[in-house]
Structure formats: C-alpha cells, structure tokens
Amino acid sequence: LRDDENLDEVILSGGDPLSLATRKLAELTAQLATIPHLRRLRIHTRLPVELPERIDAEFTDWLRALPWPVAVVIHANHVNELEGDCRSAIERIVAAGIPVLNQSVLLAGVNDNVHIQRQLVHDLVRIRVRPYYLYRCDLVEGAGHFRTPVAKGIEIMEGLRGHTSGYAVPQFIVDAPGGGGKIPVMPNYLLSMSDHKIILRN
C-alpha cells in the first residue's frame with residue numbers, strides 16, 4: 001500500500017474485520033493514516049446483522065475519528081434480518097455520520113422473489129441504508145442448491161427498476177470466477193439502434 005501511489009482506497013473485509021477488537025482496528029488505521037495517498041476506507045461486515053451488540057460506543061467513536069471518508073457495507077439477505085437489535089446497530093452507525101450500504105446474495109428459496117427483494121430494499125432505505133449490490137451466489141462448495149439462474153436476477157431487477165425509487169435499486173452482479181471481477185448485469189432496454197434512431201422500451 002505504501003509503495004503504490006495508485007492505490008487510494010482500502011477495504012477491510014472478510015473474514016469479518018469487526019471480529020477484531022476496536023483497539024486493534026484503531027492500531028491498523030493509525031498505520032494506514034501515515035500513507036498520504038490513501039483517501040477512502042470501506043469496512044465490509046456482517047456483524048451489525050449477526051452480532052449487533054458489537055456496534056458499541058467505542059466502535060462508533062473510532063468511526064467518527066477516522067481521517068478519511070468511510071463507508072460501512074453490511075450484508076443482509078432478507079428483510080427478517082433487519083429486526084430489533086440489528087436495526088438499532090445500524091442506526092448507531094448512521095448517527096455517527098457514516099454512510100451504510102448493503103450487499104446481499106440472491107439465494108434460491110430464500111430471497112429469489114421480486115416481492116421479497118422489493119420489501120428488503122424498502123426496509124433498508126427506511127433505516128437509511130443504500131442497497132448496493134445483489135450478487136448471484138458464487139460457486140462455493142456446498143452452496144449449489146442456493147444458486148439461481150442469471151435470468152432470475154435479471155427478472156428481479158426488472159421488477160425493481162421503474163417500480164421503486166432509483167436509489168433503492170441495487171446493481172445485480174455476477175462475480176466472474178478466477179478473479180474476473182464484478183460484472184453488472186441488467187435487463188436489456190435497448191431494442192434497436194442506428195445512426196439516426198434508437199428504440200427503447202420502458
């Protein structure tokens with residue numbers, strides 16, 4: 001990080017960085033703060049959903065004191081995960097002035113339904129969380145029964161875009177195997193195009 005000035009953002013990610021004590025996180029970010037070309041920090045965590053009591057005053061004080069723009073990216077797959085203590089934990093992060101984003105995974109038999117996804121994004125926005133990514137389930141051993149066809153994700157996106165606020169619509173992402181990167185996949189609204197005319201559907 002120190003040697004490559006092209007790197008300007010750090011992501012603390014999985015395992016789960018919040019499994020470290022806040023003191024340890026503070027030690028790490030104190031080192032990162034000595035690198036002048038770093039300008040942004042993202043923290044990817046599922047603990048506001050799984051262990052909401054982890055979001056305590058010490059943690060939010062640490063967030064407030066960080067020297068860069070910071071975003072916390074949570075991981076909620078279903079509206080049922082946003083109940084009670086989870087909601088309070090997210091409210092504490094938001095009250096600290098930190099934007100919160102959500103990424104979720106499309107799971108067969110769990111949330112592969114436009115009505116469930118619409119309820120999820122509406123409930124996220126209600127607690128000031130921006131829906132960010134909806135991933136197709138990765139090729140993870142033992143999780144094949146959760147994978148859906150790519151067409152199911154496109155169908156869900158079609159049922160969200162134009163049917164709810166634009167900022168409540170996540171990007172549907174296929175994470176290409178072998179380090180191929182995150183590929184956004186959307187319904188095709190372009191029917192035909194020439195130099196003089198374009199035909200779109202709404």
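Good morning, colleagues. Two remarks on conventions come before the structure itself. The model is predicted, so local features are described only at pLDDT of at least 70 and side-chain atom pairs only at pLDDT 80 or more, whereas totals for chains, interfaces and linings use all residues. Residues are numbered from 1 along each chain as its sequence is written, and side-chain values use heavy atoms, with hydrogens and water left out.

Let me begin with the chain as a whole. The secondary structure comes to 6 helices and 9 strands; here helices (H or I, at least four residues) and strands (E, at least two) are DSSP runs, numbered from the N terminus. Along the principal axes, the C-alpha atoms fill a box of roughly 55 × 40 × 35 Å. Of the 202 residues, 43% count as buried. Buried means under 20% relative accessible area, exposed means over 50%, and partly exposed lies in between, with a 1.4 Å probe and protein chains only.

The accessible surface comes to about 11,100 Å², and 53% of that surface belongs to carbon and sulfur atoms. These areas come from the Shrake-Rupley method with a 1.4 Å probe; for residues, only the protein chains shown count as cover. Among contacts in the chain with a separation of 6 or more, 76% are accounted for by residues 24 or more positions apart. A contact means heavy atoms within 4.5 Å.

As to charge, the chain has 22 positive and 24 negative side chains, and the centres of the two sets lie 5 Å apart. Lys and Arg count as positive and Asp and Glu as negative, while His and the chain ends are not counted. Each charge is placed at NZ of Lys, CZ of Arg, CG of Asp or CD of Glu.

I turn now to helix 3, residues 57-65. Which residues of helix 3 are buried? They are F59, T60, W62 and L63. These residues cover an arc of only 155° around the axis, which puts them on the same side of helix 3. The arc is that of the directions from the helix axis to the C-beta atoms. Their cover includes helix 1 (22-32), strand 2 (40-44), strand 3 (70-74) and helix 4 (85-95). The face turned away from the buried side carries the exposed residues A57 and A65. For A65, the relative accessibility is 63%. The C-alpha atoms of A65 and R136, 71 residues apart along the chain, are separated by 35 Å.

Helix 4 is our next element. Its buried residues are C86, A89, I90, I93 and V94. Seen down the axis, they fall within an arc of 140°, so they line one face of helix 4. D85 and A95, on the other side, are exposed. What covers the buried residues of helix 4 includes helix 2 (47-50), helix 3, strand 3, strand 4 and strand 5. Just after helix 4, G97 takes a positive phi of about 85°.

How many disulfides does the chain have? The count comes to 0, where a disulfide is a pair of cysteine sulfur atoms within 2.5 Å.

Leaving aside neighbours within four places in sequence, S104 is in contact with H75, A76, N77, L120, Y133, L134 and Y135.

I close with two points of backbone geometry. The peptide bond from G14 to G15 is cis, with omega near -5°; G15 is found in the loop between strand 1 (9-12) and helix 1. R128 has a positive phi of about 65° although it is not a glycine. R128 sits in the loop between helix 5 and strand 5 and counts as exposed, at 59% relative accessibility.

Thank you for your attention.
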